[in-house]
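Thanks, everyone. Let's take a quick look at the inside of this one.

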Amino acid sequence: MARQSVDADCEKMHNLLDNKNIDLDNCRKLIKSYIDLHLYSAALFWADKVVSLSNEDPKDICTLAHCMYLMKQYHRAAHLIRNRGLEKTDVMCHYLTVRSLLEAKEYNEALQVIKESEVCTNITQSGFGDRADILEDAPKNVHSSILYVKGRIYEALDNRAVATDCYKQALHCDVYSYQAFEALVQNQMLSAAEEKELLESLPFAEQCTEAEAELLRLLYESKLKKYQEPNTKQPLATCSVMGVLVTDRLLGNLDMEVTEAERLYYNCDYHKCFSLTERILKKDPYHNSCLPVHIACLVELKKTNALFYLAHKLVDLYPDMALAWFAVGCYYYSLGKSDPARRYLAKATALDRLFGPAWLAYGHSFAVENEHDQAMAAYFKASQLMKGCHLPLLYIGLECGLTNNLKLADKFFQQAQGIAPNDPFVIHEMGVISFYNLDYKTAERQFKEAMKRIQGGLKDVILPSKWEALLNNLGHTCRKMKKYGEALEYHQQALMLNPLNASTYSAVGFIHALMGNAQEAVDAFHRALGLRRDDTFTTTMLTYVMEQLIEESPPYPGAPVDIPKYEYPATEHQETDNAEPLENANNVAGSGSQDIDKLRVNLFSGWGEDSSKTEDTSDKVERNPRDVVVNYSTDISSEVEMLDSSTAHIE
């Protein structure tokens, strides 16, 4: 009995102690629940207390630093870990320290922490160190995240080559690390060929199942560059989820629809692209991947009102986002106001200096005002930030061509073609350079190659209106090669895309003039002048063709080829005899009447001479019948009328 009473007393004592003992695991669960509820201040409060209660357990210190990171207290989080040296012994503390220093923009300190860890790792692997390698037993996703942060640091330090290698290592370490893949693709670090090579080199088979590998390949391929071959359709996946194909399941996915919108945009089908992006933004009004494509479509379609509304809404909601100010700059650019456009685009590049579309639009704002040097400076900056994108090099070549530096333009076009060999825009510009170099056969071949790329190997494809210049250039090239019928056909196709282009009508008229079709040439030149009245070339050609038409064509149908000479009537002497009694009757009026008669004779004789001078030299013998039929009436009012009509004729 005594033994039982002692055991009961001990049990009561333990229960009393348990009730008085604080369970730190419950506190840790409480902190995690507050973090999940985004109540970071409450999580920080309890994490600080748990660190003290657990006698500074490394895991609790890491949790406290994580709460500080979530509260954007980056310097404080890094100092908490580095003050205890945990960044050298604990892999999560190491990652959190580097990440905090990156967000605090302390890039050199973050790089120093990484290098110290790498030095220790190398020493340990060589067998000279006694400290364990913190990355040896780290999970793959943690190791991949550290490599990703390292790439971010090098990219912030403008060492983009090393940053690219870090992103590739992170992706090889963990094929599911989308952020590393996005950094490579979104920031244009790789060309189209390098992107495909990277995708083929990823160890899908080692890290995931066959179905997951197929799904990953499908999703990653949808993010690759699309201007290379805009007509290429997305491949179909054979893997399924619950008996339904993955491609069917992903039909309504917004990211996949944005991929299709990008493909339509690069194929210059702006109306379809706009309708698709509008449908996406109705489901998700602030989709970050869709907004740049939607803004570009608004600029191409000149929908300034919709662009104005969207830009102001984005600025009100996201004033610290580069995309919002990019939309404002695009609005002013579409209005033709380059100064405010440059101001807002510069603000966008200041917020995110890796935002490539803002740099390109910044260069366009100079290019539309023919400020070629400043435009090229902006494009050069874009080319430094977008190593894998050919568009900056293409625009630099265009500016060089506008300054008549054809050799330099050709070099930049060749560089652009090296990055995107199948882009029809690059092939078209190469054809323009060949045309200016008088190599018409090469120009025709390159223009037709660009046409083939646009049509995707199909015939009778309706081309977008963007390619009107390509059709006109093909027409000019065929005209130079004296293929007049083919040239007319290309210009007619260009008129179907844009029926209000005066230059196309001028080109059609010029070809008709070369073919000897004077009437068709006159009609085409008249249409061109109706659209652009101050065109010097069209005016000169119209004058030339009109003169040729006058010489060749009869004045009316059935007119004789040789115009008969005029025979003067034999009544001149009778009119003179009748004038003598008139002079005798007017002698009573005195010398004033004689002066009038002299004036009349001199005037009509001079009028006949002037009118004969205006005739052609071969027809000097002919005279106007009105010069001969003279009214010698005695009425002074009739004489005044005749003088007025003669004066009008002389003028």
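Buried here means under 20% relative accessible area, exposed over 50%, and partly exposed in between, with a 1.4 Å probe and protein chains only. This is a predicted model, where local features need pLDDT of at least 70, side-chain atom pairs count only at pLDDT 80 or more, and totals for chains, interfaces and linings use all residues. Residues are numbered from 1 along each chain as its sequence is written, and side-chain values use heavy atoms, with hydrogens and water left out.

Cysteines to begin. Cys389 is buried, at 4% relative accessibility. Cys67 is buried too, at 1%.

Now the cores. A nonpolar core is a set of buried Ala, Val, Leu, Ile, Met, Phe, Trp, Tyr and Cys residues, joined through side-chain atoms within 4.5 Å. The largest has 63 residues, and Ile295, Leu307, Phe326 and Leu470 have the most contacts inside it. Helix H19, residues 322–334, gives the largest share, nine residues. Helices are DSSP runs of H or I, at least four residues, numbered from the N terminus.

Take Ile295. Beyond its neighbours within four places in sequence, Ile295 contacts Leu307, Leu310, Leu323, Phe326, Ala327 and Cys330. Contact means heavy atoms within 4.5 Å. Another core lies apart from the largest one, with 35 residues, including Leu102, Tyr148, Val175 and Leu199.

Methods: Helix = DSSP H or I, 4+ residues; strand = E, 2+ residues; numbered from the N terminus.
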